[in-house]
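Welcome, and thanks for taking a look at this structure with us.

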Amino acid sequence: MDRNTPPPAPPRKRLTAVDILLFASVAALIAYAGYRVNEVLVYQWNWSRVFNFFIRFDPDTGEYVTNLLLYGLATTLRLALWGTVLATIIGVVLGYWRTVDNLTLRILSRSYVELIRNIPPLVFIFIFYFFISSQIFPWLGLDDLNPEGLFVDNWLFALLFGDPALLSNFLAGVLCLAMFEGAYVTEIVRAGIQAVGKGQWEAARAIGLSRTNVLRDVILPQALRKTLPPLAGQFITLIKDSSIVSLISIQELTFMATEVAATTTKVFETWILVGAMYFVLCYSFALLFGWLERRAARSRR
Amino acid sequence: MLDATPRPLVQFRDVCKWYGDFSALHDINLTVHEGEKVVVCGPSGSGKSTMIRCINQLEAHQVGTIMIDGEEVSPEMKNIEKIRREVGMVFQNFNLFPHMTILDNLTLGPIRNRGASRAEARELAMHYLNRVHIAEQADKYPTQLSGGQQQRVAIARSLCMKPKVMLFDEPTSALDPEMIAGVLDVMIELAEEGMTMIVVTHEMGFARKVADRVVFMDEGEIIEVAEPEAFFSAPQSDRAQLFLSQLLGH
Ligand SMILES: Nc1ncnc2c1ncn2[C@@H]1O[C@H](COP(=O)(O)OP(=O)(O)OP(=O)(O)O)[C@@H](O)[C@H]1O
Ligand SMILES: [Mg+2]
């Protein structure tokens with residue numbers, strides 16, 4: 001055969017009869033659910049009422065204004081941002097402790113991880129919330145924060161932390177989430193550190209680096225690079241998990257949705273809309289992280 | 001007054017080490033003087049790596065004393081980093097830092113340990129990269145180099161700490177045959193410049209050419225110490241004879 005002939009085209013991936021049958025049954029199932037809701041439950045769909053809580057047209061000014069659900073989304077994003085920052089700090093420190101020789105540090109970090117992984121998040125959050133909000137925040141003086149203070153009364157503060165009046169409430173949510181997700185990040189970081197070969201420790205110690213420098217210059221950069229994909233996944237999990245802090249009255253998306261559903265009595269529409277919002281949010285991040293990862297892999301060759 | 005006898009740089013006195021109940025080193029006595037080149041050989045599992053790793057305390061010994069240039073090293077010692085800087089070590093698997101360029105691999109030690117400026121460290125690094133004949137690779141990453149090149153970088157990285165003694169643990173046994181010569185040449189040059197070297201290797205040509213003494217180990221003990229010619233042509237112990245016949249057999 002001539003060496004220059006192009007390679008044969010790969011076989012096209014076609015839907016087989018089985019695939020079509022599967023799709024058809026899923027579609028039928030969805031159609032049947034729709035039929036039940038419409039005909040049997042005699043449910044009055046009213047999307048516009050719920051949608052008004054997303055963006056509302058203000059007839060007085062003739063402008064569209066954001067409403068409760070978008071506020072909730074913003075709070076959810078803030079929770080995810082600060083929760084991730086804190087959880088990463090907790091996770092890197094405790095994840096490192098999981099790998100050290102010092103028995104005390106190992107016991108401490110191990111206990112933390114096991115404790116949090118073996119009680120339901122909701123129970124943990126209730127316990128932790130009542131402890132920090134009743135003990136630590138008054139002691140920190142967060143409850144009587146001056147809303148007109150120089151650091152508080154500006155747009156940057158509002159962007160990063162939301163309404164100053166709700167700051168202690170917001171921080172309680174962030175801390176709960178961070179403590180909770182921190183346990184999972186700890187395990188990711190531990191796995192990352194342990195995935196760095198023994199030879200790297202030895203080579204770094206052999207040139208006389210101090211323990212801190214071995215970690216900072218040699219081990220952690222490699223460990224964190226290995227942990228970035230699972231950390232990105234954990235970030236998305238954190239966005240979803242943030243919905244549980246609605247139960248301690250943090251006014252994030254799920255909390256707002258509960259309010260909207262109660263006010264409008266349009267339960268289906270509200271939760272479908274909110275589900276779609278979570279989906280778009282999380283899936284966008286998943287796509288973004290996937291893209292970043294592919295780019296990083298390419299630049300490293 | 002001139003002191004004619006060379007100074008002992010590495011001394012083992014009655015050193016023993018166990019892994020759990022397993023005796024890995026037993027009653028090791030060995031003195032390596034300044035400028036001396038010692039080749040260590042012996043069957044797999046005989047404790048060669050363990051012995052040289054005790055020198056910079058990558059492994060801790062339990063009984064006996066090890067002295068580096070007159071200073072005793074022990075697992076509890078405070079300033080072990082200072083000793084390690086005086087002892088260069090080259091590993092079988094190179095162990096370069098994969099997330100750093102070749103240049104950064106070399107400058108890390110001088111910058112962190114001696115507070116050298118980036119420019120100083122860079123100059124030093126380029127000097128040693130020239131000596132191992134791969135200066136043109138300075139900005140690449142380790143995975144972009146061949147095994148032989150990586151091992152030469154690893155040698156240069158150790159040299160950047162200006163060590164008093166260099167340890168090599170089977171530096172060529174992970175290399176493709178055509179890469180071995182380049183690494184051995186660098187080691188021979190280093191030897192000719194007067195570096196004190198302890199080399200675990202089965203490269204008999206290298207041992208014959210460079211070594212002042214060959215140390216033969218088996219089951220955690222030093223069985224025989226001899227000059228290379230004498231050792232390779234007429235080993236005294238049965239175990240060394242057996243080992244050499246197996247080494248030459250294939
Ligand atoms: N970390 C460890 N834990 C338990 N046993 C070990 C450990 N390291 C080495 N050993 C044992 O100690 C003995 C000596 O090992 P060492 O690596 O020093 O041998 P070696 O002479 O370097 O062998 P090789 O030629 O295979 O490298 C071996 O029997 C090995 O199984
Ligand atoms: Mg070995």
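Domain bounds, as used here, come from an automatic or database domain assignment. On that basis, chain A is divided into domain 1 (17–45) and domain 2 (75–263). Please keep in mind that this is a predicted model.

**Domains of chain A**
- The centres of domain 1 of chain A and domain 2 of chain A, taken over C-alpha atoms, are separated by 41 Å.

**A helix to start with: α4 of chain A**
- Helix α4 of chain A covers residues 103–117, which makes 15 residues. From its first C-alpha to its last it reaches 21 Å, close to the 21 Å expected at 1.5 Å a residue.
- Its buried residues are A:S109, A:Y112, A:V113 and A:I116. Seen down the axis of α4(A), these buried residues fall within an arc of 90°, so they line one face of the helix.
- The N-terminal end of α4(A) is capped by A:N102, with a side-chain oxygen 2.9 Å from the backbone nitrogen of A:T104.

**Nonpolar cores**
- The largest nonpolar core has 55 residues, and B:V10, B:F12 and B:I55 touch the most other members. Helix α9 (residues 211–241) of chain A gives the largest share of this core, with seven residues.
- Apart from that core lies another, of 50 residues, with B:L106, B:C160, B:A207 and B:F216 among them.
- What does B:F12 contact, leaving aside its neighbours within four places in sequence? B:F12 is in contact with B:I28, B:N29, B:L30, B:M51, B:I55, B:T65 and B:I66.

- Look for B:H99 in the loop between β6 (87–90) and α3 (102–114) of chain B.
- With a relative accessible area of 13%, B:H99 is buried, because buried means under 20%.
- The side chain of B:H99 reaches the backbone oxygen of A:D217 at 2.8 Å, and it makes a polar contact with the side chain of A:Q222 at 3.5 Å.
- Not counting residues up to four places away in sequence, B:H99 touches A:D217, A:V218, A:P221, A:Q222, A:R225 and B:Y141.

**A:V185 in helix α7**
- A:V185 lies in helix α7 of chain A and counts as buried at 4% relative accessibility.
- Residues that A:V185 touches, beyond those up to four places away in sequence, are A:A87, A:T88, A:G91, A:L231 and A:Q234.
- A:V185 and A:T227 are 42 residues apart in sequence, and 9.2 Å apart in space from C-alpha to C-alpha.

**Two positive phi angles in chain B**
- Most residues other than glycine have a negative phi.
- B:D14 is not a glycine, yet has a positive phi of about 50°. B:D14 is found in strand β1 (residues 8–19) of chain B and is partly exposed, with a relative accessible area of 42%.
- B:E170, also not a glycine, has a positive phi of about 45°. B:E170 sits in the loop between β7 (165–169) and α6 (177–192) of chain B and counts as buried at 19% relative accessibility.

Notes:
Residues numbered from 1 in each chain as written. Chains lettered and ligands numbered in written order. Predicted model: local features only at pLDDT ≥ 70, side-chain atom pairs only at ≥ 80, totals over all residues. Heavy atoms only, no water. Helix = DSSP H or I, 4+ residues; strand = E, 2+ residues; numbered from the N terminus. Expected span 1.5 Å × (residues − 1). Buried < 20%, exposed > 50% of the residue type's maximum accessible area, 1.4 Å probe, protein only. Arc of directions from axis to C-beta. Polar contact = N/O pair within 3.5 Å; in protein donor to acceptor, adjacent residues only side chain to side chain. Core = buried A, V, L, I, M, F, W, Y, C linked by side-chain atoms within 4.5 Å. Contact = heavy atoms within 4.5 Å.
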